[in-house]
Amino acid sequence: MLVSINNGTVYFGANDVFENIDFSINENEKVALVGRNGSGKTTLLKVLQGETELSSGQIIKPNKLNVGYLNQNSLIETEGKVRDEMLKAYQELLDMEKRLSELSEELKTNHDTKKINEYSSLEDKFKYMGGYTYESEMETIVLGFGFKKEDLDRDISSFSGGEKTKLAFAKLLMTKPDLLLLDEPTNHLDLNTIEWLENYLSKYKKAIIVVSHDRIFLDKVVNSVFELEYGRIKKYPGNYSKFIEQKKADFIKDQAAYTRQQKDIKRLEELIEKFRYKKNKAAFAQSKITYLEKLDRLEDPKKADTKAFKAHFKCGVKGGKSVLNLDHYKVGYGDKVLGEVTYEILRGQRICVMGDNGTGKSTLLKTIVGELKPLGGYMLLGHQIEMGYFDQNLSQFRNGNTVLEELWNEYPNKDMYEIRSTLGAFLFTADEVFKEVSVLSGGEKVRLSLAKLMLKNANFLILDEPTNNLDIISKEALEEALKEYDGTILFVSHDRYFIKQVATSCLVFENGEVKYYPDGYKDYIDIKVKEEEKKEEVKQEKVVLKDVKRRPKYNIKKLEEEISQLEELLEAKRDLRFEPEYYQDSSKMQELDEEIDEIHNKIHAATEKWEEAMMELE
């Protein structure tokens, strides 16, 4: 057992975050911590990291446990070059390297046995800890996060906030903590980086606890799941998909048990009511009353099941068949063109815009809705097409407003009932509608923004990362709402599961081009896999060709053996000249001379081949 919590409780003020939970993780175990927003996942990570203390209960962990924690606001704020900052993760190896260098100099003039043993022991430890590979490892991790090799020599101050977060994550991985705590590690990572991270973490040889709403990421990384809901925690073996299967099976079983118990309770209550006022049955009735009072009543699984918001996006008007026509439409900033799109969007399509960070995805959406100016080309909006825009930065709110005011100010002609009903559908009930927008969480702001979007009844939704800050249950609710929507959608997302569920086709920004995949995410992946396979085949062919070109035309060792055998045969034939059988018979001597000449010719030919092969090697 690496770390365990026994009867752990955390409360803030009068509110319990979680109560009397038992949690443990083994060495090398990879755990997902799931539950809806506000269930206490981040608090539990902070307890394990030491930032938050348990209100009651016990945490057991080794004194020298190295815990690494990536929270959602992790940044590298220091000055200097990236390379120097990353090397700090290898400080122990750097100190060892320095000491080895000192010992090496000392041993040139002083062959003291003690120093020799120290050098030998230290070198073994240095090698075991990766002393000869740490620089290449550092480069591999930094490049894995989408940086270039030359970025290692850039000043940290020249990077954006998102890039500084990725650098902090890269440095954390280099430290190889015994327990790696990751809070939403895939936020703001592009697909290629997420796939690289999945591969890295799946091979990580120590323990990991990850909080993530990326379902495919969890499937590929974790081998067990802890669900934290209603202050309680439960462990499920396997990845996220296995957890969902088991949770559904548990729900069916719990529902059946609850139904049986309710029938028994009803039957006993009817018996009590029937016999409680009869003298000869009063004792019987009282025993049943006592039994019911002591009964551990099961909760209704339907009530305990987490609630999701209910969105119903509808078109005010149907609009034309051609929704948007882009002709050599160039997008970017200043004079820098990030992409050029020629494409017609038709009614009913749900198109995902994909690509690495910085390639122009969000820029395309902002240009279409008029927040940025195009750098060239033409855009034609279809007949009676009305756009509804979801901004990932959630910058459209006025902080002085309450939730109720924010929605009502946007739609002043709606009555109170419709406004309150809409807010209720998005889980803003009772006094929650009077909360100020400034104190809302990221997930709450997304729900409020979606509520405003739903009331617009636009027939063309343009969504920039709509699943950011949403928990998995909310993501699933949004997926269903968008699949039922009868209008057209153009959206940007890095959530592969969400893309698979919603997109009917994909526009992908890659290598300065915009490519169209008509059959959605699966089409994109299939083509990508084939392209990678083809690249690998070409690469292998080049390696083989290069090997063939480098390989000498003849086998040198075989030629040397052949020459040696011929020379031995030549000596043997020459010795025969002194035998009476030959020097007394002229015809036999002539045959012998011809054989000797033939051997000479073979030696000469083999020697030429050997010289040619040696020249090729050089």
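Helix axes are lines fitted to C-alpha atoms over the stretch in contact, and angles between N-to-C directions run from 0 to 180 degrees. The model examined here is predicted, so that local features need pLDDT of at least 70 and side-chain atom pairs count only at pLDDT 80 or more, whereas totals for chains, interfaces and linings use all residues. Residues are numbered from 1 along each chain as its sequence is written, and side-chain values use heavy atoms, with hydrogens and water left out. Helices (H or I, at least four residues) and strands (E, at least two) are DSSP runs numbered from the N terminus.

The axes of helix 5 and helix 7 (residues 191–202) come within 9 Å and cross at roughly 140°. Helix 5 and helix 7 are therefore oblique to each other, given that angles under 35 degrees count as roughly parallel, over 145 as roughly antiparallel, 65 to 115 as roughly perpendicular and the rest as oblique. In this contact (heavy atoms within 4.5 Å), T140, I141 and G144 of helix 5 meet T193, W196 and Y200 of helix 7. The residues of this contact comprise three nonpolar, three polar and no charged, where Ala, Val, Leu, Ile, Met, Phe, Trp, Tyr, Cys and Pro count as nonpolar, Asp, Glu, Lys and Arg as charged, and the others, Gly among them, as polar.

For helix 13 (residues 403–410) and helix 15 (residues 442–456), the axes come within 10 Å and cross at roughly 25°, which makes helix 13 roughly parallel to helix 15. The contact involves V403, E406, L407 and E410 of helix 13 together with L448, A451, K452 and L455 of helix 15, and by class it has five nonpolar, no polar and three charged residues.

Six strands form an open sheet of mixed pairing in the order 14-15-16-12-17-18, two strands being paired if DSSP finds at least two bridges between them. Strand 14 (387–390) and strand 18 (513–517) stand at the edges with a single partner strand each, so one side of each is left without a neighbour in the sheet. Neighbouring strands of this sheet are turned by 15° against each other on average, direction ignored. Within the sheet, strand 12 (residues 350–355) pairs with strand 17 (residues 505–510) in the parallel sense over five bridges, and the bridge partner of M354 in strand 17 is V508. Helix 15 packs on this sheet, touching strand 14 and strand 15 (460–464), and its direction makes about 180° with that of strand 14.

A further open sheet is formed by three strands in the order 11-10-13, with antiparallel pairing. Its edges are strand 11 (336–346) and strand 13 (376–381), each with a single partner strand, so one side of each is left without a neighbour in the sheet. Nine bridges join strand 10 (residues 322–333) to strand 11, and N325 stands opposite E344 in strand 11. Helix 12 (residues 361–368) lies across strand 10, strand 11 and strand 13, running at about 120° to strand 10.

The structure holds 17 aromatic pairs, for which rings of Phe, Tyr and Trp (its six-membered ring) must have centres within 6.5 Å, with planes under 30 degrees apart counted as stacked, over 60 as edge-to-face and the rest as tilted. The rings of F147 and F159 have centres 5.7 Å apart and planes at 85°, so the pair is edge-to-face. Both F147 and F159 lie in the loop between helix 5 (134–144) and helix 6 (161–175), twelve residues apart.
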